[in-house]
Amino acid sequence: MITSKESLAADSPDHAPHETFVLNLGPQHPAAHGVLRVLMTMDGEWIQRAEPIIGYIHRMHEKMGENRTYAKFLPNTSRIDYLSAMHYTHAFVGAVERAAKIEVPIRAEYIRVITSELNRISSHMVWWGALLLDLGGFTPILYAFDDREKILDLLEGLCGARLTYCYYRFGGLCNDADDAFLNGTRDFVKHMQPRLKMYRDLVTDNIILRKRLTDIGEISAELCRKYGATGPVIRGAGVAYDVRRAEPYSIYPRFDFKIPTYPECDSMARYLVRMDEMEQSLRIIEQALDGITAGPVMAPKVPRVLKLPPGDTCYAVEAARGRFMVRIVSDGKDTPYRVKLRTPSFSNLSLYEEASKGMILPDALAMMGSLDLVIPDIDR
Amino acid sequence: MSFLELEPIRILVYLVGICAFVGGNAAYLVLAERKGAGRIQRRPGPNEAGWGGWMQPFADGIKLLAKQVMVPPGTDSLLFRAAPLMVMAPPLMCLATIPFSDSLVARNLNIGLLFVFSFGSINVMALMLGGWASRNKYSIISAARVVSQSVAYEIPMLLVVITMLMVSGTMNLQEIIVQQGGGFWHWNLFKVWVNPLMPVTFVIFFTCMLAETNRAPFDMAEAESELVAGAFTEYGGMGFGVFFMAEYANIVVGCCLATVLFLGGWQSPIGYLSGGLWGLGWFLLKVYALISTVIWIRWTFPRTQFYSLLNLSWKILIPVSLVTLLLTGAMLKIPLLFR
């Protein structure tokens, strides 16, 4: 019970004008999408300071990378950001291939591009549904998961896993894509194009959504550079930075696609970037399906126990949330000397404290939704 | 009939009737909402308990009743316990003056409209007390939101009601309905010769009703993605259940009032077949049509931002409702000048 004396002391007008309170948002909060904790100093509903506290789901992936062989660490990479597992295995596999100078067959590269882009769409669908859920729109997530389900079914048919794929192997793929997958992907592209148009009509053009996102949550290109934010966050600040163009990898230079950028820097810009990216991914998939040729999907003579030559290798990919980079330092043994994982969500979250200053709580949470954070990706 | 006309028995029958109506509505509107949401989201909704899910409200009710009512330490336990009662009582009181048919009304008060609004505004107090007594930061933020939202939306709502009062000239709900008899073109909603903005007035009333009952897209009090569960965060078991039921009871009252004021209450849309059970049928049909609209809106739109909610009220709804008020006054008075 609060005694009347305490109550009177708290209600004293001497306290009131400068009174702030601390709001502990998370680690179990419906808007935090996982175990992110944000300690907010609030002035009424205005945020004076929002300090993200991370580490609740830290699993020492980097250390695990250093005490086991390359092949044993490969499945770990898909657990870092479980929503864009293909990109993460791609980066690790790519780094090892670059260091060991393994040539990947062209058919494998095509299938990698197709599966990566499918994964990007499925990841963006989850983000889209979750953002709308943050904004109080309950229905879109079920539509989003409906579409995502189609992708997961395709990928399940391909490699057996639905979420944490371990499909890419050093030198190629674990198995070839059959006609069922290729035809299914073609059908999916045909299915998805009208769906994206429907989402644009029903959700993107909704006046409430526009009012919640437009001119709110400004993240400038300057801020992105300061904290190393990449992916849709920096493209929403008008910078056309995409690893697929900036540091071309795999066979991306063969494809014709646009890098969607919006110079408005607000939450809506980041929203639109991701919506446009899904269309571009569909374009890439279509081109890849047209260009794919028969052939092997595994490089010949990849040793079972890989020993990389001593040296330092980096490989970056454009994951769904931004630039994911793997750096492997090898000293010639069968386990790496150092594995460094550069995850996009970590950088994207870092700017939150500065960007959310002075914002009202619902806007700050909408902005957090527009960053598309995956907490295991931050903590890794 | 003479037995029912005895005053104490009459009161008892109506009390039980209203409680049953509110209870049944609250229970089955939750199911209707979940089924409706399921339909909109292309999933079946609750379909396990009973025949196609029809026993779900009972299952939920038993679950909630069986739970211990927790009063967290540090709360103001008296207010914490009182808030669910205070939130449930006003809609029950309001229904006492709502005419369900030409003869079915518990109390045909001459100040019925005033009565409904005076009790309707207690609802806010209850939410505020519940939020305040919980001693939870999310609840207090929610309580503050509820108060400012309610203040902002009561003004345009009352302006609209004053407009309707000028049109009808009485606060007796039964008389307001009788005036709208003789086909749907006599309903206040379509009385454009009294005020060309009448449909706009209805939209304002409906919007304000959504805001007053804290329904999406104006569910600032609950806002589960921001405030966990808002004012109800600390409530569990039946304490939460009562808040939840009260939300639906308030929707029923709001839709009843909208039906009475704008849609001709129990009057038939074709001009005859308005008496007795027919009237009750028409009334319930209109009320449930409005309620389904409320449910439909919730599952279709995202939540508004708090200040755009207040902007909507202060910058759009209040000026427009003032204009309709003036216009109605002018339309009613100017013909008298030339007489």
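Q: Two strands pair if DSSP finds at least two bridges between them. In this predicted model, what makes strand 1 of chain A and strand 2 (residues 37–43) of chain A a pair?
A: The bridge count does. Strand 1 and strand 2 of chain A share 5 bridges. The cut-off is at least two, so the two strands pair. Their sense is antiparallel. Leu25(A) faces Val38(A) of strand 2 of chain A across this pairing.

Q: How do you know that strand 2 of chain A also pairs with strand 3 of chain A?
A: Count again. 7 bridges link strand 2 of chain A to strand 3 of chain A, and the two run antiparallel. At least two are needed, so the pairing holds. Arg37(A) lies opposite Ile53(A) of strand 3 of chain A.

Q: What lies between strand 2 of chain A and strand 3 of chain A in their hairpin?
A: A turn with 2 residues between the strands. Gly44(A) in that turn has a positive phi of about 65 degrees.

Q: Why are strand 6 (311–319) and strand 8 (338–342) of chain A called edge strands?
A: Look at the other open sheet of 3 strands, with order 6-7-8 in chain A and antiparallel pairing. Strand 6 and strand 8 of chain A each pair on one side only. The twist in this sheet averages 10 degrees from one strand to the next.

Q: How do you know that strand 7 (residues 322–330) of chain A pairs with strand 8 of chain A?
A: Strand 7 and strand 8 of chain A share 5 antiparallel bridges. The requirement is at least two, so they count as a pair. Met325(A) stands opposite Arg342(A) of strand 8 of chain A. Helix 4 (residues 85–100) of chain A packs on this sheet and touches strand 6 and strand 7 of chain A. The direction of helix 4 of chain A makes about 150 degrees with that of strand 6 of chain A.

Q: What joins strand 6 of chain A to strand 7 of chain A?
A: 9 bridges do, and the strands run antiparallel. A hairpin through 2 residues also connects strand 6 to strand 7 of chain A. Ala316(A) has Met325(A) of strand 7 of chain A as its bridge partner.

Q: How do you know how helix 4 of chain B and helix 6 of chain B are oriented to each other?
A: Helix 4 (residues 77–95) and helix 6 (residues 122–134) of chain B pack at about 160 degrees, with axes 8 Å apart. The cut-off is over 145, so helix 4 and helix 6 of chain B are roughly antiparallel. They cross in the left-handed sense. The contact counts 14 nonpolar, 3 polar and no charged residues.

Q: What makes up the contact between the chains?
A: 25 residues come from chain A and 24 from chain B. Strand 1, helix 5, helix 8 (207–213) and helix 15 (361–371) of chain A each give two or more residues to the side that touches chain B. That side of chain A has 15 nonpolar, 5 polar and 5 charged residues. The predictor's ipTM for the complex is 0.77, and its pTM is 0.83.

Q: Where in chain B is confidence lowest?
A: In helix 1 (residues 2–5) of chain B, with a mean of 64. Where pLDDT is low, the coordinates should not be read in detail. Confidence in chain B is highest in helix 3 (residues 56–66), at 87. Chain B as a whole has a mean pLDDT of 83, and 98% of its residues reach 70 or more.

Methods. Residues are numbered from 1 along each chain as its sequence is written. Chains are lettered from A and ligands numbered from 1 in the order in which they are written. This is a predicted model: local features need pLDDT of at least 70, side-chain atom pairs count only at pLDDT 80 or more; totals for chains, interfaces and linings use all residues. pLDDT is the predictor's confidence in each residue, from 0 to 100. Helices (H or I, at least four residues) and strands (E, at least two) are DSSP runs, numbered from the N terminus. Two residues are in contact if their C-beta atoms, placed from the backbone, lie within 7 Å. Ala, Val, Leu, Ile, Met, Phe, Trp, Tyr, Cys and Pro count as nonpolar, Asp, Glu, Lys and Arg as charged, and the others, Gly among them, as polar. Axes are lines fitted to C-alpha atoms, for helices over the stretch in contact, and angles run from 0 to 180 degrees between N-to-C directions. Angles under 35 degrees count as roughly parallel, over 145 as roughly antiparallel, 65 to 115 as roughly perpendicular and the rest as oblique. A crossing is left-handed if the near helix is turned anticlockwise from the far one by less than a right angle, and right-handed if clockwise.
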